[in-house]
Amino acid sequence: MKHYNLGFIGFGNVGRALARLLVAKSAELRQLYEIEWSITGLATRGMGWLSRPEGFQPSSLLSNVVDESSCPAHSIGINEWLLEARPDVVFETTSLNHETGQPSIDYLTAVLKSGSHAITANKGAVVYGYEELSQLAAGAGKCFYFESTVLDSAPVFSLFRETLPGVKLRAFSGVFNSTSNVIIETMEAGRSFDEGVRMAQELRITETDPAHDVDAWDATLKVCALAKVLMKLPLKPSEVRREGIRSLSAQRLQAARAEGKPYKLVARAKLAENGSSLNASVKPEQLGSTDPLGNVRGTSLAVHFELDMMPGLTITSHRPNLQSTAYGLLADFVNAVRDKSKVQGPTSKVQGPKSKIQSPKSKNSSSR
Ligand SMILES: NC(=O)c1ccc[n+]([C@@H]2O[C@H](COP(=O)([O-])OP(=O)(O)OC[C@H]3O[C@@H](n4cnc5c(N)ncnc54)[C@H](OP(=O)(O)O)[C@@H]3O)[C@@H](O)[C@H]2O)c1
């Protein structure tokens, strides 16, 4: 049995869903993978940097009762927190910054430098920090994984990484933003744009700022993340022709639905003739039912790949929810610790700045 200390940076919708899922899957993790875990570090903007080397009670975290008196350390920043919480794996689920990917990139950099695996749901980190974070991870013998950033838990990055060696991706299209889908369908049913936003917020699927969904930043960053990781092309968000869904009137949406070709926010990227640049866009498009993306409804998400070895490969995630997003992070966790046990033994952490506060040695000794 191996014990892993887990750190959470960000504990909103996704972070909490992951904590719930870890609890629900504890027995399977133990029985199938010999994985035991405890949450030794938790950080949010509001709560600051908390650590408890012997592990927080997940139930008290989920009920918002963090007993600070039982926390041996309330660190002043991430480096001290990493020393106190001593995580083997850190889950980073902070809010999206679509312009820089910060502070997510700085957090993940510190995590990898400290010798922990870094797992994120934050696409900003992939778009703006993929090269440096992957290099850092490779140098440290750790994993930088981010399956939940596109299509929630449906395998996209791990599919290419693990099962599609040597393929060349020529183009892809996708319905990447469930909030836009929900708003469009709410308006098709005769209700307002604002009601659609509220409905998506109730489902907890919007970005922290829903403008990032409706103005197509979320989908644009997903296009850039796929281009960067799967095509090795450094596509910038500013190079994607971007149009959100604000200009779609209820009348136009209802007419399109009646015609059998409803609107969706569609992302597309295709290799240019020269083979080294991409034509990319995200905009509302009418799709017929024969289109590979034509039957994506509600919170469902899909991507259609055109590969040299397969003319079309479509992955659809039917009505994913927060638990699905959390599962992407959990799968990354299992894959990261399994990968590491395959390729190398325990490693020692790179020493960061010495902490002023000495943590008592955890009774849960780390696997590393
Ligand atoms: N929700 C989804 O369906 C979904 C799906 C896939 C990917 N994602 C991605 O997952 C991430 C989290 O989404 P969410 O829905 O969980 O958002 P959320 O509910 O708004 O939670 C964000 C969390 O990050 C914390 N945070 C924000 N800025 C921080 C900072 N600078 N330092 C430390 N903590 C910070 C917040 O703390 P405070 O509350 O104290 O401000 C909060 O705990 C986003 O990057 C999003 O794009 C979300």
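Leu248 counts as buried because 21 C-beta neighbours lie inside 10 Å. In this report, a residue is called buried if 20 or more other C-beta atoms lie within 10 Å of its own, exposed if 12 or fewer do, and partly exposed in between, with C-beta atoms placed from the backbone. Leu248 is located in the loop between strand E9 (241–242) and helix H12 (250–258). Helices (H or I, at least four residues) and strands (E, at least two) are DSSP runs numbered from the N terminus. Apart from its neighbours within four places in sequence, Leu248 is in contact with Ile184, Leu253, Tyr263 and Pro284. Contact here requires that the C-beta atoms of two residues, placed from the backbone, lie within 7 Å.

The structure is a predicted model, in which local features need pLDDT of at least 70 and side-chain atom pairs count only at pLDDT 80 or more, while totals for chains, interfaces and linings use all residues. Residues are numbered from 1 along each chain as its sequence is written.

**The chain as a whole**

The chain contains 13 helices and 13 strands. Of its 368 residues, 47% count as buried. Among contacts between residues at least 6 apart in sequence, 70% join residues at least 24 apart.

**Residues brought together from separate parts of the sequence**

Leu151 counts as buried because it has 27 C-beta neighbours inside 10 Å. With neighbours within four places in sequence left aside, its contacts are Val156, Leu301, Val303, Ile315 and Ser317. Phe160, by contrast, belongs to helix H7 and is partly exposed, because 17 other C-beta atoms lie within 10 Å.

| Pair | Separation in sequence | C-alpha to C-alpha distance |
|---|---|---|
| Leu248 and Met187 | 61 residues | 9.4 Å |
| Leu151 and Gly174 | 23 residues | 9.4 Å |
| Phe160 and Val229 | 69 residues | 9.6 Å (C-alpha to C-alpha) |

**Helix H6**

Helix H6 covers residues 123–140, and its 18 residues place the end C-alpha atoms only 22 Å apart, short of the 26 Å that a straight helix would reach at 1.5 Å a residue. The expected span is 1.5 Å times one less than the number of residues. H6 has a kink of about 90°, centred on Gly129; the bend at a residue is the angle between axes fitted to the seven residues ending there and the seven starting there.

The buried residues of H6 are Lys123, Gly124, Ala125, Val126, Val127, Tyr128, Gly129, Tyr130, Leu133 and Ala140. After H6 comes Gly141, with a positive phi near 65°.

**The surroundings of the ligand**

There are 27 residues around the ligand, of which Gly10, Gly12, Val14, Thr44 and Gly46 come nearest. A residue is taken as near a molecule or strand if its C-beta atom, placed from the backbone, lies within 6 Å of it. Helix H1 (13–24), strand E2 (35–44) and helix H13 (322–343) are the elements that give two or more residues to this shell. H1 gives the most, with three residues.

By residue type, the shell divides into nine nonpolar, 13 polar and five charged residues. Ala, Val, Leu, Ile, Met, Phe, Trp, Tyr, Cys and Pro count as nonpolar, Asp, Glu, Lys and Arg as charged, and the others, Gly among them, as polar. Domain 1 (2–153 + 323–343) and domain 2 (157–319) each supply at least three residues to the shell; these domain bounds come from an automatic or database domain assignment.

**Backbone features**

Most residues other than glycine have a negative phi, and most peptide bonds are trans. The peptide bond from Gln102 to Pro103 is cis, with omega near 0°, and Pro103 lies in the loop between strand E5 (89–92) and H5.

Arg86, a residue other than glycine, has a positive phi near 45°. Its place is the loop between helix H4 (78–85) and E5, and it is buried, because 24 other C-beta atoms lie within 10 Å. Ala216, also not a glycine, has a positive phi of about 70°. Ala216 lies in the loop between helix H10 (211–214) and H11 and is buried, because 27 other C-beta atoms lie within 10 Å.
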